[in-house]
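Dear colleague,

I am passing on a structure and would be glad if you could look it over.

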Amino acid sequence: MPLQKQLISTIEMLSHWPRFRLRLFLEGLFVGIISGSVISLFRSLLEKGTIYREYIYQHVLCMGNIGFTLVWFCLLLIAAWLLWKLGMYEPGAGGSGIPQVKGVILGSVRMRWFRILWVKLISGIIGIGLGLSLGREGPSIQIGAVVGQGMSRGLKRTRMEERYLITAGASAGLAAAFNAPLAGVIFALEELHRNFSGAVLASAMAAALLSTTVCRMVFGRETIFHFGTLSVLPLSYIWLVVGVSIFVAIGGWIFNACLLRTHLFYELPFFRNDYMRIGFALLTAGILGFVFPYVLGGGNDLINQLYMLPLSLQFFLLLLVAKFLFTLISYGCGVPGGFFLPMLVLGALLGGVIGILLIHGGIIPVQYFSNIIVISMAAFFAASVQSPITGTILIMEMTGSYEHLLVLCTASMVALVVAQIMKGEPIYDTLLQRSLAKNKPQISATDQRHLMELTVASGSVVDGKYIRRITWPNHVVLIDIKRSTGEVLPDFDTRLYAGDYIYVLTDSIEGAQRIRDMVELSEAKNV
């Protein structure tokens, strides 16, 4: 759609805001249905791939037939070649997919939605199905996002509306991946869009609810994680929750630091191209399939077995180290797949180690072992991603432990504070910035022009100031202001207040980032 028509359409939408929000809600329903259907197919094929892989290792290769083993490893190398070719065909489908979606919403990245859709599906099924320590949630979020983008392109919507639909699709993706609709909504608002406006909320919630409904029709209503009988942790142990969260947050900080440095390993002279990197990761998976199959795949089955395993400190430490190293190897090779689920597994294993030490030390009874695991997952996620609300709601929905809201909130907030004290950066933001620095996107001047919805933060540069007294960046136009008391027509004598939703048009990525920092960050953070 030409820029002039987009601007006219956007102004018309803002002038008929209730009708626009209703349209977004209805479009979110369709995004949810389509995303839920595609992701259900993705999950089904991944589950079948996991079953076939386990059968091959347990009933075919275990016989010790050298011929079968050689054929299997040759197939792994062929799969590596196919993944390499698919990655060259569509680089935007590589890795987790969440940083790419964040970049699109911020206006700094462009996605070719249809190519990413089918490449992500095929590559994710091959890589994760063959045992790489990658999760389905990153691909699911990106698949949902490109479904939203595809609907926007098909209906010829404006770029502002397209970002709403992409956010809705991402919400549907996480909800469908983990059977967690509320977590999908909160993740889209807190981590991706970072805006709790009614327009974002309506479309994201509609998409998450419908995608979850579709997935539950296929997979049932059971939660992703099962811990048998999960006892309620007494409030007298709240001090213990704080202590555990501090140690786990340090583990999350170490995970981020190592994940961001995996490229140093794959830059060794031995790895002359991407094919050798992918081949190495798949061959490692093949070897682990013989000697230590517990760490293969995303790891949700491993979490479900933790409470039934013997409380052996050595075994849990071995699981933790092996899963940690194999996750770095798997993600670093660049194959489509996320580290969201492996991150939760690492948190659970670290919690298992801490729980065993506490039990052996006589500090807690064995019945609270699973509680320590659940608390550690929330803390590890909050320390790595730095989205504590999402971490709390996600773990609560994935475990069905709704009575543990207080301890999960405590764990997430303590972990967030510890991560920020250690100057840790949110992992997805850091990955996005690194990707933009390495591969500067080639975006036309027309495509860089877009209208953004921003929320005035308390204590920001513009909070409480008249429009005429604000030093706006060049080539920025303030189009509309929406306030709880009603719509405000902007002029020089209008004062902005915290909580206002403002709509600005920019003509560059740099200008968009500057105005976002002015409006949505406090002055202390801008210094």
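Below are the notes on ring pairs and on charges placed over rings.

This is a predicted model, in which local features need pLDDT of at least 70 and side-chain atom pairs count only at pLDDT 80 or more, while totals for chains, interfaces and linings use all residues. Residues are numbered from 1 along each chain as its sequence is written, and side-chain values use heavy atoms, with hydrogens and water left out.

Searching the whole structure gives 26 aromatic pairs (rings of Phe, Tyr and Trp, the latter by its six-membered ring, with centres within 6.5 Å; planes under 30 degrees apart count as stacked, over 60 as edge-to-face, the rest as tilted). One of them joins Tyr 57 and Phe 290 edge-to-face, at 5.7 Å centre to centre and 85° between the planes. Tyr 57 belongs to helix α2 (residues 17-60) and Phe 290 to helix α12 (residues 274-291), so this pair ties together parts 233 residues apart in sequence (helices are DSSP runs of H or I with at least four residues, numbered from the N terminus). Tyr 57 is buried, at 8% relative accessible area, whereas Phe 290 is partly exposed, at 37% (buried is under 20%, exposed over 50%, partly exposed in between, with a 1.4 Å probe and protein chains only).

Phe 339 and Tyr 428 are stacked, because their ring centres are 5.2 Å apart and their planes at 20°.

Finally, Arg 43 lies over the face of Phe 219, 4.1 Å from the ring centre (CZ of Arg or NZ of Lys within 6 Å of the centre and within 35 degrees of the ring normal).

Best regards

Methods:
Helices (H or I, at least four residues) and strands (E, at least two) are DSSP runs, numbered from the N terminus.
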